[in-house]
Amino acid sequence: TDAGYGSADIIYGGDIDSWILFANSFKLKMGITLADADDAKAKSVVESAVAAGVFSSNADNALFAYKSGPPNTNPIWVDLVQSGRKDFVANKTIIDIMSPLNDPRIPLYFTNDFAGGYSGGNPGASSNYTTFSKPSLQIIAADFPGLLLSYDEVEFDLAEAVERGYNVGGTALQHYNAAVTASILYWGGTTTDATAYLAQPSVNYLTATGTYRQKIGMQKWIA
């Protein structure tokens, strides 16, 4: 009930209601993390967090604001741009998963490679800088915000909670779709992109291969 820190709060601008949503959403995250170790405790924590109110849109995201000039810039810009280094390329692992899924976030995550497509180097191996895709321009921008906790993560956690039998409302399909859509929109895609992506049998929650852990986990990782 106390006042916030106003403009000194660089995440929510002193909005206490937003911090309460953040706290409940983080509680949800902690609860779902406990699920395999203590299901009863996890269920109690998750259900109480959701009952109190968690993120409901990307507008609730906890973003750490960086500045466009030193010394308050995003560390990614410091490491990849200010440093003058040209030895960080995309990772083959994520490129090889996103490409067959026609993921609309690929051009939002990465630049085109030498051949005009998308490719990554083998993790841990030396890779020719000019050959492979690089992090996208938005990611290496000095003022690219740090995402501390997001709506899409909340929705992925809710999808898992439903599958575990927790009383959080909705279906796993609904939460999964909301999560994927929120991620695509956050990165700069459109609702049309998300709809087309989710319609693919390899992405659709009802037809994609694997257990709920695999389906939710893979999309959570990509997001």
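How many salt bridges does the structure hold? There are 9 salt bridges in this predicted model, a salt bridge being a side-chain nitrogen of Lys or Arg within 4 Å of a carboxyl oxygen of Asp or Glu. The model is predicted, with local features needing pLDDT of at least 70 and side-chain atom pairs counting only at pLDDT 80 or more, while totals for chains, interfaces and linings use all residues. Residues are numbered from 1 along each chain as its sequence is written, and side-chain values use heavy atoms, with hydrogens and water left out.

**Lys-29 and Glu-153**

- The side chains of Lys-29 and Glu-153 form a salt bridge at 3.2 Å, N to O, and this pair joins distant parts of the chain, 124 residues apart, with Lys-29 in helix H1 (residues 16-33) and Glu-153 in helix H6 (residues 151-163); helices are DSSP runs of H or I, at least four residues, numbered from the N terminus.
- Lys-29 is partly exposed at 27% relative accessible area, whereas Glu-153 is buried at 16% (buried means under 20% relative accessible area, exposed over 50%, partly exposed in between, with a 1.4 Å probe and protein chains only).

- Asp-36 and Arg-164 meet through their side chains in a salt bridge of 3.0 Å, N to O, which links the loop between H1 and helix H2 (39-52) to the loop between H6 and helix H7 (172-187), across 128 residues.
- Asp-36 is exposed, with a relative accessible area of 57%, while Arg-164 counts as buried at 17%.
- Arg-164 also forms a salt bridge with Glu-160, their closest N and O atoms lying 2.9 Å apart, and Glu-160 is buried at 16% relative accessibility.
- A network of salt bridges links Asp-36, Glu-160, Arg-164 and Arg-213.

Key: Helix = DSSP H or I, 4+ residues; strand = E, 2+ residues; numbered from the N terminus.
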